[in-house]
Amino acid sequence: MQLALRHMLPRGEGLIINVTSLASRLPVPFMAAYNAAKAALASFTMSIQLELPNSRVHVVDLQPADICTEFNQGVIKSTKANPRYDTKVARTWEVVERNMKKAPRPELVARHVLKLIDSAHTPPRITVGDAFQSTIAPLIFRFLPQRVRLWGLKRYYGI
């Protein structure tokens with residue numbers, strides 16, 4: 001981003017799209033490092049947005065929800081380090097895999113990127129995915145206390 005900004009700022013315009021994840025706001029159990037990395041990038045993106053006020057260099061946080069890719073095939077689902085979590089890990093991955101089968105294809109994300117590139121007024125953050133994950137759940141979660149968020153996520157993943 002520093003290299004890109006080095007050229008965009010003197011030119012007076014530009015667009016940076018950071019792909020974070022809805023997991024930055026609605027974390028997936030047993031993927032703490034992934035959730036944390038995405039949350040960190042989302043926070044970093046917001047910091048840069050604050051540092052570039054009134055600039056024509058726009059920075060967007062693109063947060064995909066579940067998108068049907070092969071990403072999950074590369075994720076280690078259990079290390080067998082603690083057998084008491086095996087059932088919870090298995091339930092979580094059943095939900096994740098079921099969601100992936102119904103999830104939108106990556107072309108949906110690509111279409112949103114193209115819209116951002118062509119847009120005169122880019123939003124600071126967009127969430128891409130099915131209606132429930134990308135719109136309804138984040139809206140509901142925004143107003144709930146942490147205890148209720150945790151309860152809801154545990155119910156959602158069956159843990």
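V19 stands opposite L62 in β2, where strands are DSSP runs of E of at least two residues and helices are DSSP runs of H or I of at least four residues, numbered from the N terminus. The model is predicted, and local features need pLDDT of at least 70, side-chain atom pairs count only at pLDDT 80 or more, and totals for chains, interfaces and linings use all residues. Residues are numbered from 1 along each chain as its sequence is written, and side-chain values use heavy atoms, with hydrogens and water left out.

Strand β2 spans residues 57–64 and runs parallel to β1, to which six bridges join it. Two strands pair if DSSP finds at least two bridges between them. The open sheet consists of three strands in the order β1-β2-β3, with parallel pairing. Its edge strands, β1 (14–19) and β3 (125–128), each pair on one side only. Neighbouring strands of the sheet are turned by 25° against each other on average, direction ignored; axes are lines fitted to C-alpha atoms, for helices over the stretch in contact, and angles run from 0 to 180 degrees between N-to-C directions.

Helix α4 (residues 106–118) lies across β1, β2 and β3 and runs at about 155° to β3. Within α4, L108, V109 and L116 are buried (under 20% relative accessible area, with exposed being over 50% and partly exposed in between; 1.4 Å probe, protein chains only). These residues lie on the same side of α4 because they cover an arc of only 100° around the axis, the arc being that of the directions from the helix axis to the C-beta atoms. Among what covers the buried residues of α4 are β1, β2 and β3, contact meaning heavy atoms within 4.5 Å. The face of α4 turned away from its buried side carries the exposed residues L114, I117 and D118.
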